[in-house]
Amino acid sequence: MWTSPEALYAIAGMALVSFAVKAAGLLLANRLPRHGFAAAWLSHIPGAVLAALVAPALVTGSLAEIIAAAATALVYLASRNLFAAMACGVFCVYLARLALGA
Amino acid sequence: MSRIAPPSPRFADQFYAGARACLPVVISVAAYGLVWGVLARGAGLSLLEVMLMSGLVFAGAAQFVALDLWTITPATLPIGPLIIAALIINLRYLLLTATLRPLFKPDSGVKDALKMALVTDENWAMTVLEMKRGRGSVGFLMGGGALAYVCWMATTMTGHILGSVIDDPARYGLDFAFTATFLVLLLGMWKSRADLLPWAVAALSAIIASRLVDGSWHILIGGLVGSLAGALADKVRHVD
């Protein structure tokens, strides 16, 4: 069986709302003033969103993740190299999980 | 961010630069793609349905939640809940694409909005980082998005085809690639001590929100509360 009408409706609906939200963000932002409070608010969104993405993962993570996160941050601050920092983080979490048996 | 992006030298160059810059960050896209493909097979999605969902919905978190709701018998498929879940989980994109405004002309319309289909967490984050450094362009955003799209399609299909032959990426620490990516991008975003307050408020409210509500609400809540705190702090500083 390849698919069903129900599955197609569901996927089409999901695709439509996902795209609508993405497009709405840009279109709504266009209506905001380009100076003052609204502009300051927009400029703070990226850092806040990234902090909100990362923080819960770190707090709920095990010791292995916390060690790896510290290593990732150190390598990035020392080298400013995204790939090196990520590779180190992944390798560290692998080793730490082996060592800690987690 | 009232700065208008300088005209890009050439779209093709920017597109290529964006794809290249996103190479490290799509590692987490690939790891999640494989996992999702394997789980999608288990949930009863056909290969065609995997291709359609990855190709049209193109949103990792929403697709993971969809698997929880999916049923093998079409008659019992909860179409409404699937669509509402996708909407709620993707609400955070309102914040993400809003911050891309400086890349576009002030009178940008539907044509530019269509390009938002290729925005993912990964190429958005790389692009805003580039914008903080005074660069960044629509081509850069699209290049990273195209790479993420190809990668997501390829790995979700691979996961479905190979099924449980694939080892759990968590065994090799690849699940940590997501946290590592966004941690590094956050550090790269640091500009001055004025960032400390919004980030701390965002982190704290996201942690609290993640304990109280399931799903990805914590990203939206933390992002909103943190950025508003930052804007309020800016206002207070300017008043002084």
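The model I am reading is a predicted one.

**Entry 1: the α1(B)–α9(B) pair**

I looked up the geometry next. Helix α1 of chain B covers residues 11–21 and helix α9 of chain B covers residues 138–162. I found an angle of about 50° between them, with the axes 6 Å apart. Angles of 65 to 115 degrees would count as roughly perpendicular and those under 35 as roughly parallel, so I wrote down α1(B) as oblique to α9(B).

Which residues of α1(B) and α9(B) meet? On the α1(B) side I listed F11(B), Q14(B), F15(B), Y16(B), A17(B), G18(B), A19(B) and A21(B). Across from them, in α9(B), I listed G139(B), F140(B), L141(B), M142(B), G143(B), G144(B), A146(B) and L147(B). Sorted by class, this contact of α1(B) with α9(B) holds 11 nonpolar and five polar residues, with no charged ones.

**Entry 2: chain A on its own**

I then turned to chain A and counted four helices and zero strands. Read from the N terminus, its elements go α-α-α-α. Is chain A compact or spread out? Its radius of gyration is 21 Å, well over the 13 Å that the globule rule gives for 102 residues, so I call chain A more spread out than a compact globule. Along the principal axes, the C-alpha atoms of chain A fill a box of roughly 55 × 50 × 25 Å.

I also checked burial: 48% of the 102 residues in chain A are buried. Among the contacts in chain A with a separation of 6 or more, 38% join residues 24 or more positions apart.

**Entry 3: where chain A touches chain B**

How many residues does each chain give to the contact? I read 66 residues from chain A and 74 residues from chain B. On the chain A side, the elements giving two or more residues are α1 (5–30), α2 (37–60), α3 (63–79) and α4 (82–100).

**Entry 4: α4(B)**

My last stop was helix α4 of chain B, residues 60–69. Its buried residues include G60(B), A62(B), Q63(B), V65(B) and A66(B). What do the buried residues of α4(B) pack against? I found α1 of chain A, together with α2 (26–43), α3 (47–57) and α5 (79–90) of chain B.

Methods. Residues are numbered from 1 along each chain as its sequence is written. Chains are lettered from A and ligands numbered from 1 in the order in which they are written. This is a predicted model: local features need pLDDT of at least 70, side-chain atom pairs count only at pLDDT 80 or more; totals for chains, interfaces and linings use all residues. The radius of gyration is taken over C-alpha atoms; the globule rule is 2.2 Å times the number of residues to the power 0.38. A residue is buried if 20 or more other C-beta atoms lie within 10 Å of its own, exposed if 12 or fewer, and partly exposed in between; C-beta atoms are placed from the backbone. Two residues are in contact if their C-beta atoms, placed from the backbone, lie within 7 Å. Axes are lines fitted to C-alpha atoms, for helices over the stretch in contact, and angles run from 0 to 180 degrees between N-to-C directions. Angles under 35 degrees count as roughly parallel, over 145 as roughly antiparallel, 65 to 115 as roughly perpendicular and the rest as oblique. Ala, Val, Leu, Ile, Met, Phe, Trp, Tyr, Cys and Pro count as nonpolar, Asp, Glu, Lys and Arg as charged, and the others, Gly among them, as polar.
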